[in-house]
Amino acid sequence: MTVLSKNPVHSVIYLIGCFFAIAGHYLLLNAEFLAVVHIIVYAGAIMVLFLSTLMLMNLNDETEQHKPALAKIGAVIAAGLLLLVLVAVLKKADALPAPVNQDLSIGTIKNLGKVLLDEYLFPFEFSSVLFLSAMIGAVLLTKKEISPQTPKGGF
Amino acid sequence: MFSVVPIQYYIFISTVLFCIGVLGVLFRRNAIIIFMSVELMLNSVNLLLVAFSTYHNDASGQVFVFFVMAVAAAEVAVGLSILVTIFRNVHSVDIDELKNLKH
């Protein structure tokens, strides 16, 4: 439905529903912290960003032209073939052994924080640099040209 | 009490989600919807990572999901700002109309 609905705002709403379903799956898999973070980050932040951008651009279904029918059929065939191949390969794979005795405390904040800050300390710091550069990039890209003398398109 | 759903089902559901994302990228012309489909693909991979991390009793998988979320958030911020800039210049986000590099 995210793909097929004509109005982009409806697509966003359907995508939020899909994200909540995925968060439910995380809860089923005993990853409570990830479920909460998923809801906050995706449904709270990313989707709000999408919605505000959509409303900023003021697009609706009349303005959007769709691809020609041939391209649509081609897209459906390509995606269907990918699905077919993946499912066939995964069905052929050996059956996995039964899970080892499970430890319920894996998804807790305490355990995740220990792993994150012990083993993955360097990637953690690196992601902060990534966020800083993304923030600077977003601000720089969307700011309007201040002086009319600056050549267009040259930052 | 642990997860009663076998891991094969999680593999199949994330495969289906990934293929829906691929279909969305190929099917639509609106660049924002293409971005959302990319998010869908990232989420299917996240779901598979969490399923295997629970299966193998290893917290590293969930930490990876954490990093994927961070990268996805940064990517969405930069991508949407690029789209806003494009829209300001061209007044369209239709990917079939964005075919020239100069204006």
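## A tour of chains A and B

Start by coloring chain A by sequence separation: among its contacts with a separation of 6 or more, 53% link residues 24 or more positions apart (a contact puts two C-beta atoms, placed from the backbone, within 7 Å). Before you go on, note that this is a predicted model, where local features need pLDDT of at least 70 and side-chain atom pairs pLDDT 80 or more, while totals for chains, interfaces and linings use all residues. Residues count from 1 along each chain as its sequence is written, and chains are lettered from A, with ligands numbered from 1, in the order written.

Now switch to cartoon. Chain A shows five helices and zero strands (DSSP runs, H or I of at least four residues for helices and E of at least two for strands, numbered from the N terminus).

Next, select the side of chain B that touches chain A: 55 residues of chain B meet 60 of chain A. Helix 3 of chain B gives the largest share of that side, 21 residues.

Then pick out the largest nonpolar core, 54 residues, in which Tyr26(A), Ile32(B) and Val50(B) touch the most other members. Such a core joins buried Ala, Val, Leu, Ile, Met, Phe, Trp, Tyr and Cys through C-beta atoms within 7 Å; buried means 20 or more other C-beta atoms within 10 Å of the residue's own, again placed from the backbone. Helix 2 of chain B supplies the largest share of this core, 12 residues.

Last stop: zoom in on Ile32(B). Leaving out residues up to four places away in sequence, Ile32(B) touches Pro8(A), Phe50(A), Thr53(A), Leu54(A), Leu83(B) and Val93(B).

Note on methods
A residue is buried if 20 or more other C-beta atoms lie within 10 Å of its own, exposed if 12 or fewer, and partly exposed in between; C-beta atoms are placed from the backbone.
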